[in-house]
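Open the model in a viewer and keep the selection tool at hand. The stops below are given in the order in which to select them.

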Amino acid sequence: MGSLRKSSLARLCMFILCMPVLLEFPVLIGAVAVPQSYEKVGSDLGLQVFLHMVQQKPHENVVLSPHGVATILGILLPGTHGNTKQQLLSGLRYNKKGPYKMLRNLHKMLTSKAHNNFIIIANALFPQEGFNIYNNFLNTNRDNFLCDSHALNYNNPQQSADYINGWIKNRTMGHIRSLLKPDMLDPSLTRLVIVNSIYFKGMWKSRFPVQSTKIRTFTGGDGKSYNVPMMSQLSVFKIGWANTPDGVKYRVIELPYHGNHTSMLIAFPSERATPLSMILPHLTTKTVHGWTKLMHHGKIRLLLPKFTAEMKMDLKRPLCALGITDIFNKGKADLRHISSEPIHLSSALQKIKIEVNENGTKATAATTAILMARSSPPVVIIDRPFLFLIKHNSTGTILFAGQINKP
């Protein structure tokens with residue numbers, strides 16, 4: 001994390017998991033104001049962060065959790081003041097009254113009994129022993145995000161990192177085993193680590209038969225050909241055509257997970273010669289919401305590559321590019337509602353792992369429900385770079401977004 005001079009400022013560390021996020025404060029002691037609809041609860045900001053990342057890595061796989069980004073910033077929000085707070089509100093598109101009622105309702109919906117078999121969200125604060133955090137900040141995050149609080153002694157970085165990594169491992173069913181390294185925790189400056197963990201396990205509503213998976217050619221974003229395992233099934237899916245404002249045509253397919261609570265949306269250019277980058281700038285929550293009006297049910301033979309995408313990224317640069325800058329600036333950060341000590345955010349990290357196979361996404365079992373239509377179905381082969389989104393259907397929340405250039 002880079003060394004920091006000892007000063008009258010302390011440091012806050014924050015991590016967001018499955019998406020982990022790491023933040024720190026430098027101090028020596030150490031998602032919405034009720035928007036019009038749920039789908040804008042921070043997801044737009046997360047998508048903008050995602051687009052910034054893919055611009056930096058146009059030919060690589062990129063995965064991100066928009067909801068995770070919004071959650072971490074939402075946890076920080078009640079601790080901010082002045083311009084620092086306004087930048088968060090503006091970026092998250094919250095109004096000045098704050099997002100707390102909406103966030104509480106959204107968290108309740110995402111973690112309800114109907115969803116707890118496949119969506120597990122956990123949040124926690126890990127303050128330095130003796131660090132004076134205001135009760136209002138703790139209570140607000142406990143009420144809205146069900147944040148646990150566990151005091152640690154960062155004078156022992158190894159022990160503290162092991163404890164937090166163990167918490168993360170348990171909350172992600174072992175999929176994220178290690179996020180923090182001891183050298184990320186400065187013994188004299190670290191005062192708080194904040195973690196958001198999201199574990200998602202989706203079983204396809206219509207499973208891909210394992211015996212139908214064959215090795216086929218996939219043309220990567222770098223123009224090279226790769227032999228990859230391509231899943232195949234004949235079923236009824238929602239499919240449609242869309243256009244960017246510049247007239248670039250692309251296809252959209254929806255693959256529902258069992259229970260219809262969540263879906264994976266896949267988008268890719270209609271013309272093989274059109275790069276995926278031509279449709280990505282068009283991506284907003286409004287665009288995604290509009291896809292539902294363009295799609296219709298149809299029986300198709302769908303070929304989709306199996307893939308695993310794992311990524312750890314620093315969110316500081318894209319957040320700063322989107323106008324959230326003061327919180328990272330030691331001289332400008334105003335986090336007076338967390339503690340009386342001057343603190344700032346030193347970094348923000350996110351780590352994600354996505355696995356897609358015949359059964360689903362991070363799935364161990366599947367239920368098949370294939371609807372039949374008329375014969376002579378078209379064949380849709382996704383054998384070139386594509387965009388995927390995992391969306392919670394009733395709220396419109398985008399849990400994960402990814403660009404796959406090479407499965």
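This is a predicted model: local features need pLDDT of at least 70, side-chain atom pairs count only at pLDDT 80 or more; totals for chains, interfaces and linings use all residues.

Residues are numbered from 1 along each chain as its sequence is written, and side-chain values use heavy atoms, with hydrogens and water left out.

**Stop 1: the cores**

Select Trp291, Phe386, Phe388 and Leu389. Of the 95 residues in the largest nonpolar core, these four touch the most other members. A nonpolar core here is a set of buried Ala, Val, Leu, Ile, Met, Phe, Trp, Tyr and Cys residues joined through side-chain atoms within 4.5 Å. Buried means under 20% relative accessible area, exposed means over 50%, and partly exposed is in between, with a 1.4 Å probe and protein chains only.

Setting aside residues up to four places away in sequence, Phe386 touches, among others, Phe218, Ile266, Phe268, Leu304, Phe307 and Ile404.

**Stop 2: the salt bridges**

The whole structure holds 4 salt bridges, each defined as a side-chain nitrogen of Lys or Arg within 4 Å of a carboxyl oxygen of Asp or Glu. Select Arg272 and Asp383: their closest N and O atoms are 2.8 Å apart in a salt bridge. Arg272 is in the loop between strand E10 (262–269) and helix H7 (285–294), and Asp383 is in the loop between strand E16 (379–381) and strand E17 (386–392), so the pair ties together parts 111 residues apart in sequence. Helices (H or I, at least four residues) and strands (E, at least two) are DSSP runs, numbered from the N terminus. Arg272 is partly exposed at 48% relative accessible area, whereas Asp383 is buried at 13%.

Through shared partners, salt bridges join Arg272, Asp383 and Arg384 into one network.

Next select Glu358 and Lys306, whose side chains meet in a salt bridge of 3.6 Å, N to O. This pair links distant parts of the chain, 52 residues apart: Glu358 is in the loop between strand E14 (349–356) and strand E15 (360–361), and Lys306 in the loop between strand E11 (296–305) and strand E12 (307–314). Glu358 is buried at 7% relative accessibility; Lys306 is partly exposed at 28%.

**Stop 3: helix H6**

Select residues 157–171, which form helix H6. How far apart are its end C-alpha atoms? They are 21 Å apart, which agrees with the 21 Å that 15 residues should span at 1.5 Å a residue; the expected span is 1.5 Å times one less than the number of residues.

Color Pro157, Ser160, Ala161, Ile164, Asn165, Trp167 and Ile168, which are the buried residues of H6. They cover an arc of only 155° around the axis, which puts them on the same side of H6; the arc is that of the directions from the helix axis to the C-beta atoms. Turn to the face away from this buried side to find the exposed residues Gln159 and Asn170. Strand E3 (119–127), strand E4 (148–149) and strand E5 (190–200) are among the elements that cover the buried residues. Just after H6, Met173 takes a positive phi of about 55°.

**Stop 4**

Select Ser263, in strand E10, which is buried at 1% relative accessibility. Its side chain makes a polar contact of 2.7 Å with the side chain of Glu254 and one of 3.1 Å with the side chain of Asn393. A polar contact is a pair of N or O atoms within 3.5 Å; within protein, one must be able to donate a hydrogen and the other to accept it, and residues adjacent in sequence count only if both atoms are side-chain atoms.

Move to Lys406, in the segment after strand E18 (398–404). Lys406 is partly exposed, at 41%. Lys406 and Asp222 are 184 residues apart in sequence and 8.8 Å apart in space, C-alpha to C-alpha. Beyond four places in sequence, Lys406 touches Asn61, Phe218 and Tyr226.

Finish at His52 in helix H1 (residues 43–56). His52 is buried at 15% relative accessibility and, leaving aside neighbours within four places in sequence, is in contact with Arg317, Pro318 and Ala321.

Notes
Contact means heavy atoms within 4.5 Å.
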